[in-house]
Each structure stands twice: as C-alpha cells, then as structure tokens.
Amino acid sequence: MKTTNAKDYVVLLEAFRYGLENGFINKEEISDWAEKIIEQDDLPDEKIIDLFLCSNKSTSEIVGLLNEIVGFPKPPFSGRAILGVLYHKYISGQLTFTKLTGILGRFPIEFDVLSDEEKGFLYNIDDYYS
C-alpha cells in the first residue's frame with residue numbers, strides 16, 4: 001500500500017509557500033500538485049488532501065498550512081528549489097523580467113543557504129536592472 005507523508009516534500013512545500021507569498025505560485029498550482037500525489041497514493045496524507053482542497057481558501061490560510069507542514073527552521077535547500085521554480089516560470093513566460101529581478105533582489109536576504117558568490121551574483125542582477 002502506497003502512502004505519502006507530506007513531510008517528505010518539505011523542500012518543495014517551502015518553495016510553494018515562498019512562491020505564493022511573492023506572487024509567482026498560485027493556489028491552483030498547489031492544488032494540482034496535491035491532486036497528482038493523491039492519485040498515486042492508496043492512503044493519501046491528510047495534509048496533502050488539505051492542500052488539494054486549498055483553492056477555496058485564502059492565501060494566508062494556505063501559507064499557514066504550508067508553514068505547519070514545513071515547520072521551523074526552514075529546510076536549507078528550499079532556496080535552490082525556489083530558484084529552479086523561478087527559472088522555469090521565467091523561461092515559460094509566466095514571470096516577467098521585472099518581477100523576477102524584484103524577487104531575486106530580496107532573495108538572498110531571506111535564504112541563507114546560498115554561497116557568498118551566489119548572493120553577490122543575485123545582488124548584482126538586482127543592482128544592474130534597478
């Protein structure tokens with residue numbers, strides 16, 4: 001019997017939380033992801049079901065649910081997962097360059113897992129395009 005624990009996805013769920021708060025992930029994307037997990041499980045995790053049903057909830061309620069699942073401290077590799085999501089959103093045209101540079105300008109402050117070189121690169125992008 002296949003069953004998924006929501007805690008197995010904390011890095012991705014933290015990327016969802018950050019993306020939802022910063023406007024580059026929407027509720028439907030989170031719900032669609034949860035639906036795929038539910039379809040492959042014999043006994044889906046209750047938190048995954050809650051995420052599937054989240055499209056009728058407010059953003060703050062969903063962020064609260066994601067924070068509850070992820071917990072504290074935040075997973076260190078979620079910063080890199082977020083960069084991957086940003087890349088795909090930008091390449092597919094779902095994220096404007098202006099929005100991307102604004103997010104990247106704040107990014108190193110919020111995620112302390114990047115190297116000094118990576119942080120410097122992100123700061124330079126923001127400075128250059130400001």
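**Entry 1: α1 and α2**

I began with handedness: α1 and α2 cross in a left-handed sense, meaning that the near helix is turned anticlockwise from the far one by less than a right angle, while clockwise would be right-handed. The contact involves L12, L13, F16 and L20 of α1 together with K27, I30 and W33 of α2, where contact is heavy atoms within 4.5 Å.

I noted for myself that this is a predicted model, in which local features need pLDDT of at least 70, side-chain atom pairs count only at pLDDT 80 or more, and totals for chains, interfaces and linings use all residues. Residues are numbered from 1 along each chain as its sequence is written, and side-chain values use heavy atoms, with hydrogens and water left out.

Next I looked up the geometry. Helix α1 covers residues 10-21 and helix α2 residues 27-40, and they pack at about 160° with axes 10 Å apart. Helices here are DSSP runs (H or I, at least four residues), numbered from the N terminus. The axes are lines fitted to C-alpha atoms over the stretch in contact, and angles run from 0 to 180 degrees between N-to-C directions. α1 and α2 are therefore roughly antiparallel; that label takes angles over 145 degrees, under 35 is roughly parallel, 65 to 115 roughly perpendicular, and the rest oblique.

**Entry 2: α1 and α4**

I then turned to helix α4 (residues 59-70), which packs against α1 at about 155° with the axes 9 Å apart. This pair is therefore roughly antiparallel too, and its crossing is left-handed. On the α1 side I listed V10, L13, E14, F16, R17, L20 and E21, which meet T59, I62, V63, L66, N67, I69 and V70 in α4.

**Entry 3: α1 and α5**

Here the axes of α1 and α5 come within 8 Å and cross at roughly 60°, so I put the pair down as oblique. The crossing is right-handed. V11, E14, A15 and Y18 in α1 meet S78, A81 and I82 in α5.

**Entry 4: salt bridges**

How many salt bridges does a search of the whole structure find? I got four, each being a side-chain nitrogen of Lys or Arg within 4 Å of a carboxyl oxygen of Asp or Glu. R17 forms one with E14, with the closest N and O atoms 2.6 Å apart. R17 and E14 are about one helical turn apart because they sit three residues from each other in helix α1.

**Entry 5: the surface**

Last, I found that Y87, Y90, I91 and F97 form a nonpolar surface patch with about 400 Å² of accessible area together. Helix α5 (residues 78-91) gives the largest share, three residues, and Y87 lies in that helix. Patch residues have over 30% relative accessible area and no salt bridge; like charges are joined within 9 Å, nonpolar side chains (Val, Leu, Ile, Met, Phe, Trp, Tyr) within 5 Å. The areas come from the Shrake-Rupley method with a 1.4 Å probe, and for residues only the protein chains shown count as cover.

Technical notes
Helix = DSSP H or I, 4+ residues; strand = E, 2+ residues; numbered from the N terminus.
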